Amino acid sequence: MVKTQKINYLIIGNSAGGIGAAEAIREVDRVGAITIVSDEPYPAYSRPMISDYLAERCPIERMLYRPADFYEKNGIRTILGEKAAWVDFNEHVVKLEKGRMLTWRKLLLATGGLPIVPKIEGIGLKGVFTFTKLDDAKAIDEFLNQYTKRIRAVVIGGGLIGVSVTEALVKRGVQVTIVEMKERVLNTMLDEEASALEERALAQAGVEIICGRTADRIDSYFPEEVSGVSLDDGRSIPCEMVIIAIGVQPRLELISENSIMTNRGILVDLHMETSTPDVYACGDVAEAYDFVYRKLRLNPVWPNAYTGGRTAGLNMAGIPTKYPGGTAINAMKYFEVNIISAGMLNPPDDSYETVSEKHGDIYKKVVVKDGMIVGMVLASDIEKSGIIYNLMKDRVNVDSFKEALVADDFGLASLPEEIWRERLAIPPPELTSSVTPVEPPREVLISE
Ligand SMILES: Cc1cc2nc3c(=O)[nH]c(=O)nc-3n(C[C@H](O)[C@H](O)[C@H](O)COP(=O)(O)OP(=O)(O)OC[C@H]3O[C@@H](n4cnc5c(N)ncnc54)[C@H](O)[C@@H]3O)c2cc1C
């Protein structure tokens, strides 16, 4: 007979979202049983650091997201290396792939994303990899170790994952070609100018970039081994390995039809609760409130997963808490170019204003709508990006000083006095402020 274990808090996914939730629960409930299930066999590690593992074989101990004794110290039970295979959301039961059944009081789905793999000829060949987890980095490392000569790789997709793996491969001495379907690399998170800076750095590192093209086929001379990639314009690029980096999709395999409301991801309200009571979701698998677009959106970045997880955890533990909202935010340093971007960078129409400054490698742009910042990108000189991001997040009206935001000498002192006092939490002498009040995020209804 299969034994069923009753757990107060069951978390599926042991990464940014799952850890955020577990920590928040423990802060307010010292005794309730918490179990984290993950099909990856490792304690939580920094996923963005898998490129460091590949580049320099960074030991996993240095990639750990929390100290090795985190779980024990917090009384968190882990079931690692085993997949949750099936869930009955109404009966509060999860079945693990080896047959064990777990029941829960509150469930969090922090299952992240899965790489999108195109169904093209040759996709199953030896030498074709994805790059979203530590085991992918290990597999690529092993593959590279077989060669003594310099090898060539084609990276299909020039987004965050594609550029990240490219940097690691270049550090390992691989000759890389990036094939990007759109007109420029990092096109969803940067604007044209910032993409151009990154492309220049990639080219200086010897990376070939082919934009506006897709891979039609992965070729093979010898059985099962990659020999090149054929593009949709008939060109063929010789290579020994291929990395598929065309994107990540929410991992929804546990959601059966009609069980939980989904769009592209799992829809959650401001408490990170799904359409089914007692079931929460966060991170890359969830569509949560975006404070720039003012609606539910997928924003698959680490800080949003952690904050969403914390919010879910507090609510699961009975402390009503609202998600402050997230947005697409990326801090990157590929090939020594520091770039921070957030929000909307490529405005859809001319009701948006853009203020920018560019000289040498320094580039700054702020997008403003109705007096509020809705997007920002800073390259090379990123020191003051935190101030701009917070003005955006808090919906401060910047109309009277927007040009100052991109100036070389921008700092807190560039802001009107009542605003910098508020930013530094120094009360104004007369205890009033003309700062546009922070508008609390609307309660976002699942039906929206
Ligand atoms: C190469 C790379 C570079 C990145 N760089 C950055 C960066 O610079 N900055 C940034 O902010 N973000 C970056 N990201 C994105 C960031 O890593 C993610 O947004 C973040 O990891 C999402 O956390 P999560 O908890 O939602 O899910 P994930 O980190 O995806 O974790 C989900 C976990 O759940 C497990 N799981 C899923 N389904 C099941 C199941 N049925 N049973 C058991 N376990 C299951 C998965 O195996 C996985 O371990 C990068 C991602 C990659 C891949």
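## T276 and its loop

Leaving aside neighbours within four places in sequence, T276 is in contact with F89, S259 and I260. This description rests on a predicted model. T276 is placed in the loop that runs between β17 (266-267) and β18 (279-281). With a relative accessible area of 9%, T276 is buried, because buried means under 20% relative accessible area.

The loop between β17 and β18 also holds D278. D278 is partly exposed, with a relative accessible area of 21%. The phi of D278 is near 70°, a positive value in a residue other than glycine.

## Surroundings of the ligand

The ligand is surrounded by 32 residues, and the closest are S15, D39, E40, R47 and D284. By class, this shell has 14 nonpolar, ten polar and eight charged residues. Three helices, α1 (16-28), α6 (160-171) and α8 (302-316), each supply at least two residues of the shell.

In the side chain of E40, an N or O atom is 2.6 Å from an oxygen atom of the ligand. For D284, a polar side-chain atom lies 2.8 Å from an oxygen atom of the ligand. W302 takes part through its backbone, where an N or O atom lies 2.9 Å from an oxygen atom of the ligand. On its own the ligand has 1,000 Å² of accessible area, of which the protein covers 93%.

## N315 in helix α8

Helix α8, which supplies residues to the shell around the ligand, also contains N315. N315 is buried, and its relative accessible area is 9%. Apart from neighbours within four places in sequence, N315 is in contact with H271, Y280, P320 and T321.

## Nonpolar cores

The largest nonpolar core has 77 residues. Within this core, the residues that touch the most other members are V94, L107, L108, L109, L391 and L405. For L405, the residues touched are V366, I373, I388, L391, V398 and F410, when residues up to four places away in sequence are not counted. Another core, of 46 residues, lies apart from the largest one and has I50, L134, V165 and L345 among its members.

## R217 in strand β12

R217 is found in strand β12, which covers residues 215-219. The relative accessible area of R217 is 34%, and the residue is partly exposed. The side chain of R217 is joined to that of D219 by a polar contact of 2.7 Å.

R217 also meets residues from elsewhere in the sequence. Leaving aside neighbours within four places, R217 is in contact with I120, E121, G228, V229 and S230. R217 and K119 are 98 residues apart in sequence, and their C-alpha atoms are 9.3 Å apart in space.

## R395 and its backbone

R395 lies in the loop between α9 (385-393) and α10 (417-423). Although R395 is not a glycine, it has a positive phi of about 55°. R395 is buried, with a relative accessible area of 16%.

Technical notes: Residues are numbered from 1 along each chain as its sequence is written. This is a predicted model: local features need pLDDT of at least 70, side-chain atom pairs count only at pLDDT 80 or more; totals for chains, interfaces and linings use all residues. Side-chain values use heavy atoms; hydrogens and water are left out. A residue is near a molecule or strand if one of its heavy atoms lies within 4 Å of it. A polar contact is a pair of N or O atoms within 3.5 Å; within protein, one must be able to donate a hydrogen and the other to accept it, and residues adjacent in sequence count only if both atoms are side-chain atoms. Accessible areas come from the Shrake-Rupley method with a 1.4 Å probe; for residues, only the protein chains shown count as cover. Helices (H or I, at least four residues) and strands (E, at least two) are DSSP runs, numbered from the N terminus. Ala, Val, Leu, Ile, Met, Phe, Trp, Tyr, Cys and Pro count as nonpolar, Asp, Glu, Lys and Arg as charged, and the others, Gly among them, as polar. A nonpolar core is a set of buried Ala, Val, Leu, Ile, Met, Phe, Trp, Tyr and Cys residues joined through side-chain atoms within 4.5 Å. Buried means under 20% relative accessible area, exposed over 50%, partly exposed in between (1.4 Å probe, protein chains only). Contact means heavy atoms within 4.5 Å.
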